[in-house]
Amino acid sequence: MISVITGKNKKNLSGNQVHDRNAILKEANKRLASNPKDTQALTALADLHFAEQNYPQAMKTYGILLGLCATNSRLDEQKINLNFGLSAMKAKVWSEAYKSLTIARTKEPENFEINSSLGVLEYRRKNYEKSVAYLHQALKSVSNDHDSQRYCGLSLYKLRRFNEAVGYLRNSATGHPDDKEILFALARSLYELSQMEQALKIFSHLRADPDWGPSSALYSGTVNKQKKEYEKAIMDFEIGLKHKQIAEDVLLELKYRLADCYNQISELDKALGELNDLYGINPKYKDVDIQRKKIKELTGNRNLQTYLISPISEFITLCRRLTLMLFPKTRIKVVDISVHKNEFIDILAEVKARKWEDLIVFRFYREEGKVGDFSVRELYAHVKEVHAGRGFCITAGEFSDEANQFVEARLIDLLPKEKLMKLLNKLKTSSQPSANAL
């Protein structure tokens, strides 16, 4: 007498319990030797393999049974097709699993195992919308299933539906704290939702992981950089760069942001070293060549360093000296200094020469970008507001054509970087201000 498997229990054809799997195999093989299409023997073997998680053999045997369904109406085609699909799923034969489970779902659209498995398969096929639909259906039946929670969260993350993804990812991570992919996706979702402190905590935890470490270090460093905690950001980026296996795009961005952090704390030699490495890997990456030239220029001109990146107090001192360079052989009395974030400062000064005197506004822009006509118009309005007779606008960048056109008939002088550099170079020759009063 041959046995069949129901769930995890081994029973014979009469329904009696059987514990000897060898007896099942012996009887089934004996019957198959005389009749390779013996459906009872094949079903017993398939169910045994399935119960014992020998999924490749289960898939093979269920596959034979599927071929016999057309000529044997007594076979349960739905069950065989379902078990074949689940076996293929476990055996990682994805295409066969997808085909059989899709067919099985036409008769059991609310079956948990079918919906959960199809959700995972659609995720693997990058059909994330379909994956979410299947997994939502599965979770209606078993709300705490880890795989369904996991892949639903990952699919929503891939769809950039971060707010929805967080709940599933957090639930999945709670039950499986060693699942680094889930932790990274959760941290990225929190990052995109501007929940920076929570994201930073997870990214920092993942920095040492060989797979997710480089990207995690990049993001943790970016968060610290945004907070202007440059020393912490530098440590993050350096940890990321210590990994042996780093995707090139991550490697390039780690070095680029590390160089910028060094630049922010005025460690220009280190910044230049990172930029040179970056240039050697990919000379066309972002504006790396421009940044290299800028750092080289800064290292060769201390006054330019002060103008662009030194603390605001040093910048103000330098700008006061520059006003003297603009009006030599005069007496200058500073009336007011106003600081506008770290973008520019205004110096209002009384300038007295032998034959004239005037109230003048000096505006110094730190950025190296282009100053447009809106900024120049705003300066002109400020000059009129304080009843000054003239205005100077000095920048480390350049002025737009519209800005130059605006000042043609007005008492506003524009000094782009070329003229600023001449003034800064003159300051090199003397470390002390002239005798003019400040």
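Biologist: Before we start, what counts as buried, exposed or partly exposed here?
Modeller: Buried means under 20% relative accessible area, exposed means over 50%, and partly exposed is in between. Keep in mind that this is a predicted model.

Biologist: Okay, what about confidence? What does the chain average in pLDDT?
Modeller: The average is 90, and 93% of the residues score at least 70. Over residues 12-18, though, the pLDDT is below 50; that stretch has 21 contacts in the model beyond near neighbours in sequence.

Biologist: And how many contacts does the model have for residues 431-438?
Modeller: For residues 431-438 there are 18 contacts beyond four places in sequence, and pLDDT stays under 50 there.

Biologist: New topic, aromatics. How many aromatic pairs are there?
Modeller: The count comes to 18 aromatic pairs. One of them is Phe327 with Phe392, an edge-to-face pair with 5.4 Å centre to centre and 85° between the planes.

Biologist: Where do Phe327 and Phe392 sit in the chain?
Modeller: Phe327 is in the loop between helix H18 (312-326) and strand E3 (331-340), while Phe392 is in strand E7 (residues 390-395). The pair links distant parts of the chain, 65 residues apart.

Biologist: Are those two buried or exposed?
Modeller: Phe327 is buried, with 7% relative accessible area, and Phe392 counts as buried at 6%.

Biologist: What about Tyr380 and Phe406, how are those rings arranged?
Modeller: Tyr380 and Phe406 are also an edge-to-face aromatic pair, at 5.8 Å centre to centre with 80° between the planes. This pair links distant parts of the chain too: Tyr380 is in helix H19 (residues 373-385) and Phe406 is in helix H20 (residues 401-406), 26 residues apart.

Biologist: Why does Tyr380 count as partly exposed?
Modeller: Tyr380 counts as partly exposed because its relative accessibility is 27%. Phe406 is buried, with a relative accessible area of 8%.

Biologist: Which rings does Arg410 lie over?
Modeller: Arg410 lies over the face of Tyr380, 5.4 Å from the ring centre. The charged end of Arg410 also sits over the ring of Phe406, 4.0 Å from its centre.

Biologist: Nice. Which residues do ring pairs link into a cluster?
Modeller: That cluster holds Phe184, Tyr191, Phe203, Trp212 and Tyr219. Two of those names come back with Ser216, which touches Phe184, Phe203, Leu206 and Arg207, leaving aside residues up to four places away in sequence.

Biologist: Where does Ser216 lie, and is Ser216 buried or exposed?
Modeller: Ser216 lies in helix H12 (residues 213-226). Ser216 is buried, with a relative accessible area of 0%.

Biologist: Last one: what is the strand order in the open sheet?
Modeller: The open sheet has 5 strands in the order E3-E4-E5-E7-E9, with mixed pairing. E3 and strand E9 (412-415) are the edge strands, each pairing on one side only. From one strand to the next, the twist averages 20°.

Biologist: And how do E4 and E5 pair?
Modeller: Strand E4 (residues 344-352) and strand E5 (residues 357-365) pair in the antiparallel sense over 9 bridges. Asp346 stands opposite Arg363 in E5.

Definitions and conventions: Residues are numbered from 1 along each chain as its sequence is written. This is a predicted model: local features need pLDDT of at least 70, side-chain atom pairs count only at pLDDT 80 or more; totals for chains, interfaces and linings use all residues. Side-chain values use heavy atoms; hydrogens and water are left out. Helices (H or I, at least four residues) and strands (E, at least two) are DSSP runs, numbered from the N terminus. Buried means under 20% relative accessible area, exposed over 50%, partly exposed in between (1.4 Å probe, protein chains only). Contact means heavy atoms within 4.5 Å. Rings of Phe, Tyr and Trp (its six-membered ring) pair if their centres lie within 6.5 Å; planes under 30 degrees apart count as stacked, over 60 as edge-to-face and the rest as tilted. A charge sits over a ring if NZ of Lys or CZ of Arg is within 6 Å of the ring centre and within 35 degrees of the ring normal. Two strands pair if DSSP finds at least two bridges between them. Axes are lines fitted to C-alpha atoms, for helices over the stretch in contact, and angles run from 0 to 180 degrees between N-to-C directions. pLDDT is the predictor's confidence in each residue, from 0 to 100.
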